[in-house]
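Here is a short briefing on one protein model. Look over the sequence and the 3D view before you read on.

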Amino acid sequence: MTKGIQLDTKYLKDFVSEEDLAAIFPEVKNAHSLLVSKRGLGKDFLGWIDLPVNTSKDTLKEIEECAEQMKGCSDLIVIVGIGGSYLGARAAIEMLASDEGREKIFFTGNNLCGEHLEKLLDMIEAGNKDVSVNVISKSGTTTEPAVAFRIIEDALKKKYGPNKLKDRIVCTTDKERGALKKLADSAGYKSFVIPDDTGGRFSVLTPVGLLPAACAGVNIYDIVNGAQRCAERMSVCDIDKNPAYKYAAIRNILYRKGKVIELLASFDYRLHFIAEWWKQLFGESEGKAGRSIFPAACDFTTDLHSMGQLMQQGQRNIFETFIIEGNEKPCCKVPANEENLDDLNYLEGKSLSFINKQAYLATCEAHSEGGVPNSTIVISERTAFSLGELFYFFEKAVAISAYISGVNPFDQPGVEAYKKKMFKLLGKPGNN
Ligand code: PA5
């Protein structure tokens, strides 16, 4: 059994004191009690808390069997969804799937770019690729995935005939509401239910995230087991024993000291979409009532060569959170070279993971000396189990963090503003 997620706060010592942590602890305690007593804002959307424990082996088996069936009849599996109905699945697949698993998946419905969809239509029409679809939308009415699905369903009808679509289309949506549910029932498509009490960005551990992950060959049993173990660890109201609570406390302390931007960065490009998922989770959960820590993300070391200058010497309103793998396997060693024309002999025999680790350590030190507080979330290794832990860790942390700052983590009323204006422009009935 691995140690599980750790939070390394060594480089915070000049910015967050023991007194700061002690002073905010009553607010952490209050947030904790609101959450466990289910008396806080958005209390009808707390299903995610016990989701890992409540997810039965039978449910996972049903998801896995569906994924096997889809894989068996397809060269390409199209995942249609946006926001919370997209990012978690993408994060899991990019972090863990083999090249073969990843290449089998095509994500769409997460933008309104026609050329992107045309690329898919060309593949569907080409005739040499068999295609299945998992369309995901809790409300069943979101414009981007709904429009994409109408176009894709139309193309599949032409390719296979309307009667064959039942074998190729799976819907993940609300148990009774929304246009997608109506459509799925009327066409007889297989459906998975997104629980009422689990909001979009907290739904990665439901079929929303698990079915696409299973389609790409990711071990969903391990994801849920990891989340389960994390749920247990992150249930104690003790900052020293519960890193999710410590992380939530630190964010709020730093925010009150003027650090209004949090930059999440990893040193592994395979975690890029973890940061995308995290951005939505924290941005939509906390950005309200005129308060917010702006969640930004970078891929290091790549972005150290584009954002490093700003991080080191720009406005001192940033703090950083790194995600690091504790037990990364050494690979890809620098070979010997007698001529040494590139002056790299000092690295001879060193692996890229070792060099990367030194870059991480150097960044922690340099940025902290430059006035950027940083802490590190250490995952044991890049596995499905660790990913389950990470998903749950951030969900718990954002709930506590938002309650500390006094906002409802589980709604997103602001997202409607652009939609209303867009519907008016598009002439949607009832939107004049
Ligand atoms: O967190 C949320 O609720 C949102 O980001 C939704 O996930 C996103 O808008 C997609 O909504 P839906 O699943 O209803 O299509």
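Ala, Val, Leu, Ile, Met, Phe, Trp, Tyr, Cys and Pro count as nonpolar, Asp, Glu, Lys and Arg as charged, and the others, Gly among them, as polar. By that scheme, the lining of the second largest pocket has seven nonpolar, five polar and eight charged residues. This is a predicted model.

- The largest pocket has a volume of about 940 Å³.
- Its lining is made of 33 residues, and Ile82, Gly84, Thr142, Glu284 and Lys419 are the closest to the centre.
- Four elements each supply at least two residues of this lining: strand E4 (131-137), helix H7 (143-160), helix H12 (272-286) and helix H16 (415-426).
- H16 brings the largest share of the lining of the largest pocket, five residues.
- Sorted by class, the lining of the largest pocket has ten nonpolar, 13 polar and ten charged residues.
- The second largest pocket has a volume of about 490 Å³.
- It is lined by 20 residues, and Phe267, Asp268, Arg270, Glu328 and Asn356 lie nearest its centre.
- Helix H14 (residues 352-369) gives the most to the lining of the second largest pocket, with five residues.

**Cavities**

- How many cavities of 30 Å³ or more does the structure hold? There are three.
- The largest cavity holds about 50 Å³ of space.
- Its lining is formed by Asn252, Tyr255, Glu286, Arg291, Ser292, Ile293 and Ser405.
- By class, that lining has two nonpolar, three polar and two charged residues.
- The second largest cavity holds about 40 Å³ of space.
- Around the second largest cavity sit Leu264, Ala265, Ser266, Leu271, His272, Ala275, Cys298, Asp299 and Ile323.
- Strand E7 (261-266), H12 and strand E8 (294-299) each supply at least two residues of this lining.
- E7 provides the largest share of the lining of the second largest cavity, three residues.
- The residues of this lining divide into six nonpolar, two polar and one charged.

**Nonpolar cores**

- The largest nonpolar core has 91 residues.
- Within it, Leu35, Trp48, Leu211, Trp277, Phe393 and Phe394 touch the most other members.
- Helix H15 (residues 384-404) gives the largest share of this core, 13 residues.
- A second, separate core has 23 residues, including Phe106, Leu120, Val131 and Tyr189.

- Cys66 is found in helix H3 (residues 57-72).
- Is Cys66 buried or exposed? Cys66 counts as buried because its relative accessible area is 6%, and the cut-off for buried is under 20%.
- Not counting residues up to four places away in sequence, Cys66 touches Val170, Lys190, Phe192 and Leu211.
- Cys66 and Ala214 are 148 residues apart in sequence, yet their C-alpha atoms are 8.9 Å apart in space.
- Asn242 sits in the loop between helix H10 (220-233) and helix H11 (243-256).
- Asn242 is also buried, with a relative accessible area of 0%.
- A polar atom of the Asn242 side chain lies 2.9 Å from the backbone oxygen of Met234.
- Leaving aside neighbours within four places in sequence, Asn242 is in contact with Arg233, Met234, Ser235 and Val236.

**Backbone details in loops**

- The peptide bond from Phe300 to Thr301 is cis, with omega near 5 degrees.
- Thr301 lies in the loop between E8 and helix H13 (308-313).
- Ala289 has phi near 55 degrees, a positive value in a residue other than glycine.
- The place of Ala289 is in the loop between H12 and E8.
- Why does Ala289 count as exposed? Its relative accessible area is 59%, and exposed means over 50%.
- Asp343 also has phi near 55 degrees, a positive value in a residue other than glycine.
- Asp343 lies in the loop between strand E9 (318-325) and H14.
- At 54% relative accessibility, Asp343 is exposed too.

Terms used
Residues numbered from 1 in each chain as written. Predicted model: local features only at pLDDT ≥ 70, side-chain atom pairs only at ≥ 80, totals over all residues. Heavy atoms only, no water. Core = buried A, V, L, I, M, F, W, Y, C linked by side-chain atoms within 4.5 Å. Buried < 20%, exposed > 50% of the residue type's maximum accessible area, 1.4 Å probe, protein only. 1 Å grid on protein atoms, 1.4 Å probe; cavity = no way out; pocket = protein on both sides within 12 Å on 5 of 7 lines; lining within 4 Å. Points joined across faces, edges and corners; volume = space filled by probe spheres on them. Polar contact = N/O pair within 3.5 Å; in protein donor to acceptor, adjacent residues only side chain to side chain. Contact = heavy atoms within 4.5 Å.
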